[in-house]
Amino acid sequence: MQNFKRYSWQSLAFFYAHWKGVLVLAYLPNLLPEIYYLIGSEQRDNWALSLMIFPFYIMFSVAFIFYIDGQSRFRQNSGPQLHKLALKFLAPYFFVIIIATLAVLFSSLALIIPGIYVLVKYSFITFNLLLDETGINGAFRLSWKQTKGYFWLLFSAFFIYVLVPGLPGFIAQIVPQEFNFSQAANHSQAIESSNIIYLTVGTLGYIFYTLFTYQVYKEVSKKWLDDTPTKVIDTPSEIIQ
């Protein structure tokens with residue numbers, strides 16, 4: 001519990017110090033589609049639009065992780081630099097996320113607990129892939145080793161920062177709502193406004209979960225990478241080259 005508080009305070013301190021960059025890279029990309037749905041006529045089940053938005057999410061997710069690491073190491077990463085890094089890691093990051101998602105889903109078929117276990121064991125895969133340049137296979141193997149002994153700490157963070165904030169939005173999606181068809185337009189706007197609120201809460205949870213897991217990763221990775229410093233990329237500019 002003491003470690004959970006410490007990493008949480010570290011995450012809060014980082015957010016307080018760098019909230020502008022964090023919100024631009026992590027919150028704005030999620031908010032823009034919701035505003036588009038709110039003022040436009042596009043339906044939420046438009047697969048073509050979703051496929052167009054997905055690479056956009058990935059690029060900002062990659063840039064967000066490099067931004068966190070750069071600020072934590074007191075290195076200023078410029079916008080063009082983050083853009084180049086996001087483009088370089090677009091495909092590997094996509095495959096890592098897809099493989100991890102499938103692994104969690106298939107594990108969950110054998111009851112929920114195996115799925116949760118696999119999810120926690122892969123908490124560091126994106127950090128390993130982007131910051132350590134381990135490659136896709138190496139990211140999974142290293143994350144599995146690094147998370148040993150930290151299961152309950154990482155699971156607590158996932159429960160507090162991801163599951164709890166996402167619960168209201170999940171309930172709102174599955175509970176049917178009655179309304180008068182003569183007031184459908186107003187009702188639709190109310191739903192979209194509620195979605196933005198749920199999105200805000202959920203995205204803030206995702207931000208703090210990412211910051212939390214990064215704090216743990218940064219401390220744990222020293223035990224695994226200090227003996228092999230040549231495998232660690234020191235700066236984002238070296239990664240681009």
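**A helical chain and its nonpolar patch**

The patch is formed by Phe54, Phe94, Phe95, Ile98, Ile99, Leu102, Leu105, Phe106 and Leu109. Together these residues have about 860 Å² of accessible area. Leu105 sits in helix α5. Patch members must have over 30% relative accessible area and no salt bridge; like charges are joined within 9 Å, nonpolar side chains (Val, Leu, Ile, Met, Phe, Trp, Tyr) within 5 Å. Areas come from the Shrake-Rupley method with a 1.4 Å probe, and for residues only the protein chains shown count as cover.

This is a predicted model: local features need pLDDT of at least 70, side-chain atom pairs count only at pLDDT 80 or more, and totals for chains, interfaces and linings use all residues. Residues are numbered from 1 along each chain as its sequence is written, and side-chain values use heavy atoms, with hydrogens and water left out.

Now the overall layout. The protein chain has 11 helices and zero strands. Read from the N terminus, its elements run α-α-α-α-α-α-α-α-α-α-α. Helices (H or I, at least four residues) and strands (E, at least two) are DSSP runs, numbered from the N terminus. The protein chain has 241 residues, and 41% of them count as buried. Buried means under 20% relative accessible area, exposed means over 50%, and partly exposed lies in between (1.4 Å probe, protein chains only).

Back to α5. Two packed helices are described by the angle between their axes and the distance between the axes. Helix α5 packs with helix α6 (residues 112-121) at an angle of about 155°. Their axes are 6 Å apart. Axes are lines fitted to C-alpha atoms, for helices over the stretch in contact, and angles run from 0 to 180 degrees between N-to-C directions. α5 and α6 are therefore roughly antiparallel to each other. The cut-offs are as follows: under 35 degrees is roughly parallel, over 145 roughly antiparallel, 65 to 115 roughly perpendicular, and the rest oblique. The α5 and α6 crossing is right-handed. That term applies if the near helix is turned clockwise from the far one by less than a right angle; anticlockwise gives left-handed.

Next, the charged contacts. How many salt bridges does the structure hold? There are three salt bridges. Each is a side-chain nitrogen of Lys or Arg within 4 Å of a carboxyl oxygen of Asp or Glu.

Arg6 is partly exposed, at 32% relative accessible area. Glu219 is also partly exposed, with 32% relative accessibility.

Another salt bridge pairs Asp69 with Arg73. Their closest N and O atoms are 2.9 Å apart. Asp69 is buried, with a relative accessible area of 10%. Arg73 is partly exposed, at 40%.

The side chains of Lys88 and Glu133 also meet in a salt bridge, at 3.4 Å from N to O. This pair links distant parts of the chain, 45 residues apart. Lys88 is in helix α4 (residues 79-88), and Glu133 is in the loop between α7 (125-131) and α8 (135-146). Lys88 is partly exposed, with 39% relative accessible area. Glu133 is partly exposed at 34%.

Glu133 has a further feature, in its backbone. Most residues other than glycine have a negative phi, and most peptide bonds are trans. The phi of Glu133 is near 50°, a positive value in a residue other than glycine. Phe74 has a positive phi too, near 60°. Phe74 is in the loop between α3 (47-72) and α4. Is Phe74 buried or exposed? It counts as exposed, at 78% relative accessibility.

Thr147 lies in the loop between α8 and α9 (151-174). Its relative accessibility is 1%, so Thr147 counts as buried. Thr147 and Tyr122 are 25 residues apart along the chain, and their C-alpha atoms are separated by 7.9 Å. Tyr214 is found in helix α10. Tyr214 counts as buried, with 0% relative accessibility. Along the sequence, Tyr214 and Thr126 are 88 residues apart; in space they are 9.9 Å apart, C-alpha to C-alpha.
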